[in-house]
Amino acid sequence: MRIMVAHTPDPDDAFMFYGMFEGKIRTSNQYEQVIKDIETLNKESKEGKYEVTAISANGYVQVRDLYKLTRSGASFGISYGPIVVARNEIDLSKSRMGVPGFMTSSYLLYRMFGPEAKEYVEIKFDEIPDAILTGKVDAGILIHDEQLTFQKRGLKEVFDIYSAWKSYAGNLPIPLGFNAIRKDLDEDTVNKFLYDFERSIRYAMAHEEEAVKYAMKYARYTDLDLERRFVRMYVNELSIDFGDTGRKALELYYNRAAGKGLIPPFKPEIV
């Protein structure tokens, strides 16, 4: 069976799919690759457009009737997470804040833990630093590589979402990006995908240098060390199978959001 797999160009995603799409492992299914930014994929998931898609923990809430989360391929922050930056210290409750998408995990996490901003403005994630510097917004939530480069732009961190999460959830990792598989696929196809994907991740982790170089094909930056740092931040043992630790973290994530009235109460389906 041929399966459409949609993932982001971000280093952690590309890294994990290296083995599958570069023929480094023998796969049980046939796969076709689609690469788009995370908020585009979040929105397209509402149509069930792809059999497998990258999705934010927040985005999954809106498509839980169409998809199940996969236990492999998740990006959890073990000691890192999204941050809010600005040019100077600022009262965030009076700010116009740039967010990388209203379906992103980082947006929902900020709404869970941060001071409610005066206004939220949806901006493509890699354009948020410029939006702050030009005065389009007062502050912004940074995800992906921009977390490692904002200081060079003259911006400063004004709110650490991970620290707020840690105060709430202790040492549990912060849930961010996931992969989801459509519910209409038969069990055998799903199991074959999970088998292939887990081996792809393991292959990349065992061949880090070549897998990071592959991820550079899609990177916004040309700094190999920068991309390697980012991959190491979010690809870890939980990416192979997030297990009970990931399930507990997700439970706390969704319970907090539901308790704040941001999402309806529900339990994710995980395969």
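Predicted model: local features only at pLDDT ≥ 70, side-chain atom pairs only at ≥ 80, totals over all residues.

Visitor: How do strands of a sheet pair?

Guide: Strands of a sheet pair through backbone hydrogen bonds, and the pairing is either parallel or antiparallel. Here E9 shows both senses. E7 and E9 run parallel and are joined by 2 bridges, with Ala139 in E9 as the bridge partner of Met97. E6 and E9, on the other hand, run antiparallel and are joined by 4 bridges; Val84 stands opposite Ile141 in E9.

Visitor: In what order do the strands of the open sheet lie?

Guide: The order of the 5 strands is E8-E7-E9-E6-E10, and the pairing is mixed. Strand E8 (119-122) and strand E10 (156-160) are the edge strands, each pairing on one side only. From one strand to the next, the twist averages 30°.

Visitor: Which helix packs on the sheet, and which strands does it touch?

Guide: Helix H7 (residues 161-169) does so, touching strand E6 (83-86), strand E9 (139-142) and E10. The direction of H7 makes about 20° with that of E10.

Visitor: Are the residues on the two faces of E9 buried or exposed?

Guide: Both faces of E9 are covered. Ala139 and Ile141 are buried on one side, and Gly140 and Leu142 are buried on the other.

**Reading a helix**

Visitor: Why do residues three or four places apart in an α-helix point the same way?

Guide: An α-helix has 3.6 residues a turn, so residues at that spacing point the same way. Consider helix H9 (residues 208-215), where Ala211, Val212, Tyr214 and Ala215 are buried. These residues lie on the same side of H9, because they cover an arc of only 155° around the axis. Among the elements covering the buried residues of H9 are helix H1 (11-21), strand E2 (30-35), helix H8 (187-206) and helix H10 (224-234).

**Reading a cavity**

Visitor: How many cavities of 30 Å³ or more are there, and what lines the largest cavity?

Guide: The count comes to 1 cavity of 30 Å³ or more, and the largest cavity has a volume of about 310 Å³. The lining comprises 21 residues, of which Asp12, Ile143, His144, Leu176 and Gly177 lie nearest the centre of the cavity. H1, strand E3 (52-56), helix H4 (105-113), strand E11 (174-182) and H10 each supply at least two residues of this lining.

Definitions and conventions:
Residues numbered from 1 in each chain as written. Heavy atoms only, no water. Pairing = 2+ DSSP bridges. Axes fitted to C-alpha atoms, helices over the stretch in contact; angles between N-to-C directions. Contact = heavy atoms within 4.5 Å. Buried < 20%, exposed > 50% of the residue type's maximum accessible area, 1.4 Å probe, protein only. Arc of directions from axis to C-beta. 1 Å grid on protein atoms, 1.4 Å probe; cavity = no way out; pocket = protein on both sides within 12 Å on 5 of 7 lines; lining within 4 Å. Points joined across faces, edges and corners; volume = space filled by probe spheres on them.
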